[in-house]
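Student: Before we discuss particular elements, could we settle how the terms for describing a fold are applied?

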Amino acid sequence: MSTLRARGTVEGLPEWDRCAVMGVVNVTPDSFSDGGRWFDTTAAIKHGLDLVAEGADMVDVGGESTRPGATRVDEDEELRRVVPVVRGLAAEGVTVSVDTMHASVAEQAVAAGAALVNDVSGGLADPAMVPAVAAMGVPFVVMHWRDFSDRMNSRAVYTDVVAEVVDELRARMDAVIAGGVAPERLVIDPGLGFAKQAEHDLALLAHLAELRALGRPLLVAASRKRFLGHVLAGGDGSPPPARERDAATAAVSAIAAHQDAWAVRVHEVRATADAVRVARAVEGAQ
């Protein structure tokens, strides 16, 4: 039996012997997949605990929708949405990630118990983010990002999407490290669906090894996204609703786990938790 392949470790977070599962709690009224369902603090905390019971290793709490076309949320409103949920989940022993582009939200969420900052802009949206993360000494997700949600579709232009995403992520990693964030605390994310068309997302999934070659653990966040709707579209070209893409999401989770992703970020946890465990069992039998 061969030794299981290394997916990398992140200083400040637990180590898992397989691809980890990050469950999503959207404390928003307008998320593309489940907007409004967990907008109440009590409901959001309960949902996060349910995700852990279903197999989530971490829970990612966000208070601002980043769906295409979404408008920004001001910091006070985002704080009102996010911090009580982070505090409630952390008090129950959950490993919590905060999904935010605002440094002040990251700081208060970490003070409330968040262990990881997941910034879809990789620190580009708020110049204070990288210094704040460096000062807090917490892990940081650097995602490939080109612009805000209301403009990102116009930026989905590539000659070689894999090479360009790798190059842009490398440059962003270098900038974040130069800003004081320890390399051992970095996670990278190719940003599926962010300034990308379906063919770009599929190409990136087919070439995760090139992203892993950047030398940091890889987070893959494909859950319910538009490219899955494109793949699953019926004969008339109509994609299924976001909540009907969970089986396809689990398939991507198995593919990502097989390609040594450190973690996958999903809305529906149980099927993905099963998928990554099967992938680990197959690796262990090689």
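Tutor: A crossing of two helices is right-handed if the near helix is turned clockwise from the far one by less than a right angle, and left-handed if anticlockwise. The model shown here is predicted. In it, the crossing of helices α9 and α10 is right-handed.

Student: What makes α9 roughly parallel to α10?

Tutor: The axes of α9 (residues 246-258) and α10 (residues 269-284) cross at roughly 30° and come within 8 Å. Angles under 35 degrees count as roughly parallel, and therefore α9 is roughly parallel to α10.

Student: Which residues of α9 meet α10?

Tutor: Contact means heavy atoms within 4.5 Å. On the α9 side the residues are Thr249, Ala250, Ser253, Ala254, Ala257 and His258; they meet Ala271, Thr272, Ala275, Val276, Ala279 and Glu283 of α10.

Student: How many bridges join β5 to β6?

Tutor: Four bridges join β5 to β6 (residues 186-189), and these strands run parallel. Ile188 in β6 is the bridge partner of Val142.

Student: Are the residues of β5 buried or exposed?

Tutor: Phe140 and Val142 point one way from β5 (residues 140-143), Val141 and Met143 the other way, and all are buried. Buried means under 20% relative accessible area.

Conventions: Residues numbered from 1 in each chain as written. Predicted model: local features only at pLDDT ≥ 70, side-chain atom pairs only at ≥ 80, totals over all residues. Heavy atoms only, no water. Buried < 20%, exposed > 50% of the residue type's maximum accessible area, 1.4 Å probe, protein only. Helix = DSSP H or I, 4+ residues; strand = E, 2+ residues; numbered from the N terminus. Pairing = 2+ DSSP bridges. Axes fitted to C-alpha atoms, helices over the stretch in contact; angles between N-to-C directions. Parallel < 35°, antiparallel > 145°, perpendicular 65-115°, else oblique.
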